Amino acid sequence: MPNKPTNEEILKLADNVLAIESRAVNSLRNRLNVKFVEVCDLCLETSGRIVVCGMGKSGHVARKIAATLSSTGTPAFFLHPAEAAHGDLGMITNQDLLIAISYSGETAEIINILPSIKRVCTKLIIITGNPNSTLAKAADIYLNINIEEEACPLNLSPTASSTAAMAMGDTLAITLLKSRGFTQEDFARSHPSGDIGKRLLLRVSDIMRIEDQIPMVESNVSLLDALMEMTKKGFGMTAVVSKNKILKGIFTDGDLRRNLDNGIDIRKKNIGDVMNNNCITTTKNILATEAVHLIEKNKITCLLVVNENEKLLGALNIHDLFREGLI
């Protein structure tokens, strides 16, 4: 059994892997030429979908490329070449374009379905490290991702080559994104769930407390009654409004402490006498992430939501934003 490498040897091995893979990706920059432009044009002209296929490690890369294309405005799906020969070719239409990934360019499972692909697909693009291979010669266009060496010390396991294929796929996807004028709003529509969706779609109106959930009192009520409202709603503050709910001010736990320090009698004061007129407000249509920025910038814990006439519509606090995973 070999001796365990030292910490220094482990770090040197890791650094070497990153150096080799960095060189592999960097070498692709010198091969960006008219062929890449032609591939982009074919993808943009395709009225159907982009079908991406590959076997083994190239298959894993192909799945990721298809997913990236789909999420950035270019409808795509992964096709397993072995399964394609057993019925999955039926997923392809004559409006689709196929991108096959094979570093050797001699992947038997893809070569076996070439006749069928040629009959169905309008165009065939190959991403390969071997421009003289069977697949490169059969393609309408090939993209060369040839590397000097794999990061694997045996020079066998696809490492730098799969990284190069992934980088070329990302390059294609982002170029198409920009060419299509794909926007942040478009991205949000295809990512409605999770952190991305929340950052791009969730608005204050979706999470604010409304109606009876809002802590609010009229300006002529006693400070004691206002404190009861604060305790009941659990916000650590109450909005102060007119009879028709026009916002007049706010009173917070901090305001209470400052007034007590000044010796006021909470039983003899109206809330209108001690409220803060300079409260931070927002509108219901801003993104929830913008509300987070307002809260953090102003070092507060609650926001009041008003319309263009300063009518109180809702309230939210830092706990609402925590609950949505925005903080």
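## Basis

This is a predicted model. Residue numbers start from 1 along each chain as its sequence is written.

## The largest pocket

The largest pocket has a volume of about 380 Å³. Its lining is made up of 21 residues, and those closest to the centre are Ile250, Thr252, Ile300, Thr301 and Cys302. By type, the lining of the largest pocket divides into 8 nonpolar, 9 polar and 4 charged residues.

Three elements each supply at least two residues of this lining: strand E8 (247–252), helix H13 (253–261) and helix H16 (318–323). H13 gives the most, with 4 residues.

## The second largest pocket

The second largest pocket holds about 240 Å³ of space. It is lined by 19 residues, and Tyr103, Ser104, Glu150, Pro158 and Ser161 lie nearest its centre. Helix H3 (56–71) and helix H8 (160–180) are the elements that give two or more residues to the lining of this pocket. The residues of the lining of the second largest pocket comprise 9 nonpolar, 6 polar and 4 charged.

In soluble globular proteins, nonpolar side chains tend to be buried together. Here the largest nonpolar core has 35 residues, and Ile50, Leu69, Ile101 and Leu172 are those with the most contacts inside it. H8 provides the largest share of this core, 8 residues. Another core lies apart from it and has 18 residues, among them Cys53, Ile117, Cys121 and Leu135.

Which residues does isoleucine 101 contact, leaving aside its neighbours within four places in sequence? The contacts of isoleucine 101 are Val52, Cys53, Gly54, Ser58, Val61, Ala62, Ile65, Ile110, Ile127 and Ala165. Cys53, one of these contacts, is itself among the residues of the 18-residue core.

## Aspartate 255

Aspartate 255 is placed in helix H13, the helix that gives the most residues to the lining of the largest pocket. Is aspartate 255 buried or exposed? Aspartate 255 counts as buried because its relative accessibility is 7%, and the cut-off for buried is under 20%.

The side chain of aspartate 255 makes a polar contact with the side chain of arginine 258, at 2.8 Å. Leaving aside neighbours within four places in sequence, aspartate 255 is in contact with Ile250 and Asn276. Ile250 is also one of the residues closest to the centre of the largest pocket.

## Valine 274

Valine 274 is found in helix H14 (residues 271–274). With a relative accessibility of 11%, valine 274 counts as buried. Not counting residues up to four places away in sequence, valine 274 touches Leu223, Phe251, Asn259 and Ile264.

Between valine 274 and glycine 249 there are 9.5 Å in space, C-alpha to C-alpha, and the two are 25 residues apart in sequence.

## Proline 81

Proline 81 lies in helix H4 (residues 81–84). Its relative accessible area is 1%, so proline 81 is buried. Leaving aside neighbours within four places in sequence, proline 81 is in contact with Cys53, Gly54, Met55, Glu109, Ile110 and Ile113.

Proline 81 and asparagine 262 are 181 residues apart along the chain, and their C-alpha atoms are separated by 79 Å.

Technical notes:
Predicted model: local features only at pLDDT ≥ 70, side-chain atom pairs only at ≥ 80, totals over all residues. Heavy atoms only, no water. 1 Å grid on protein atoms, 1.4 Å probe; cavity = no way out; pocket = protein on both sides within 12 Å on 5 of 7 lines; lining within 4 Å. Points joined across faces, edges and corners; volume = space filled by probe spheres on them. Nonpolar A, V, L, I, M, F, W, Y, C, P; charged D, E, K, R; others polar. Buried < 20%, exposed > 50% of the residue type's maximum accessible area, 1.4 Å probe, protein only. Polar contact = N/O pair within 3.5 Å; in protein donor to acceptor, adjacent residues only side chain to side chain. Contact = heavy atoms within 4.5 Å. Core = buried A, V, L, I, M, F, W, Y, C linked by side-chain atoms within 4.5 Å.
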